[in-house]
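Hi everyone, thanks for coming. Let me put the model up on the screen, and then we can walk through it together.

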Amino acid sequence: MYITLVICTCFVTVFSFPKGFISLVPIPSENFEFYDVLDTNKLFHLFWKFNETHITFELHAKTRGYIGFGLSPNGKMFPSDVVMGWVKNGNVHFADYHTTEHSAPVKDHSQDYTLLNGEENDFGTVLKFVRKLDTCDENDYRISDDTVRIIYAHSENDPNDENDLRWHGTESRGVKFMYLLNAVTKPDLSGNIITRDMTQTNVRLCFKDISKHF
Ligand code: HEM
């Protein structure tokens with residue numbers, strides 16, 4: 001499924017990416033169970049996995065500036081639980097914030113997201129981080145198997161420092177409603193299971209469709 005998506009992404013979006021980025025597709029650092037593209041321009045790619053207590057995200061964004069990623073109760077920028085990070089001169093800056101208005105997020109007293117990796121590569125900027133599903137911090141969103149509203153944003157340039165967080169612009173932010181814990185995954189075929197492939201000819205896919213599930 002991911003391979004199909006990668007190939008289609010190459011063809012459909014080859015002309016729409018900013019200049020200076022060699023790779024058109026993100027390469028995850030490990031074989032994550034879940035993957036989704038957050039925006040229609042295919043600038044934000046999210047890989048994730050979870051267990052009973054923790055969730056690990058790996059966000060790849062086509063930018064050399066900051067990345068903002070958040071969990072929002074209403075799909076708006078605030079009030080939300082967000083992380084922001086960027087890579088400047090080889091150093092990774094990353095922290096747990098929350099939003100209270102349409103301005104720079106406020107750093108949480110309790111830092112509940114742990115950075116596992118941050119880097120710039122041929123695709124853009126990568127942040128990999130882990131948190132508890134329920135951090136017990138009132139400024140963090142409790143992740144359940146309900147629909148989650150993911151918000152995201154990026155800037156073109158790195159901030160000079162933590163006090164220099166600037167507006168992302170209207171084309172570089174958005175929201176996606178999705179399931180994190182209930183996401184569709186491959187069925188477990190390790191047991192004693194009989195499978196049958198059914199094929200159908202003459203099925204038309206819309207230009208935008210990458211695949212169809214029945
Ligand atoms: C860095 C400081 C930031 C500033 C100064 C800022 C400012 C703003 C402003 C003025 C708007 C309304 C105009 C518009 O539609 O673009 C807005 C909207 C939005 N922002 Fe931010 N923002 C910041 C960071 C972030 C971050 C980190 C995220 C995501 C994690 C985010 C997500 C959004 C979203 C999804 C919207 C559209 C929904 C809404 O209007 O609430 N912003 N932001």
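Which strands each supply at least two residues of the shell around the ligand? They are strand 4 (67-72), strand 5, strand 10 (147-154) and strand 11; strands here are DSSP runs of E, at least two residues, numbered from the N terminus.

Before going on, some housekeeping. Residues are numbered from 1 along each chain as its sequence is written. This is a predicted model, with local features needing pLDDT of at least 70 and side-chain atom pairs counting only at pLDDT 80 or more, while totals for chains, interfaces and linings use all residues.

Back to the ligand: 22 residues surround it, and the closest are Gly68, Lys76, Met77, Ala153 and Leu165. To be counted, a residue needs its C-beta atom, placed from the backbone, within 6 Å of the molecule. By type, the shell has 12 nonpolar, seven polar and three charged residues, with Gly counted as polar, and Tyr and Cys as nonpolar.

One is open, with six strands in the order 7-6-5-4-10-11 and antiparallel pairing, where pairing takes at least two DSSP bridges between two strands.

Strand 3 (residues 54-61) and strand 9 (residues 125-132) share eight bridges, and histidine 60 has valine 126 as its bridge partner in strand 9.

Definitions and conventions: Helix = DSSP H or I, 4+ residues; strand = E, 2+ residues; numbered from the N terminus.
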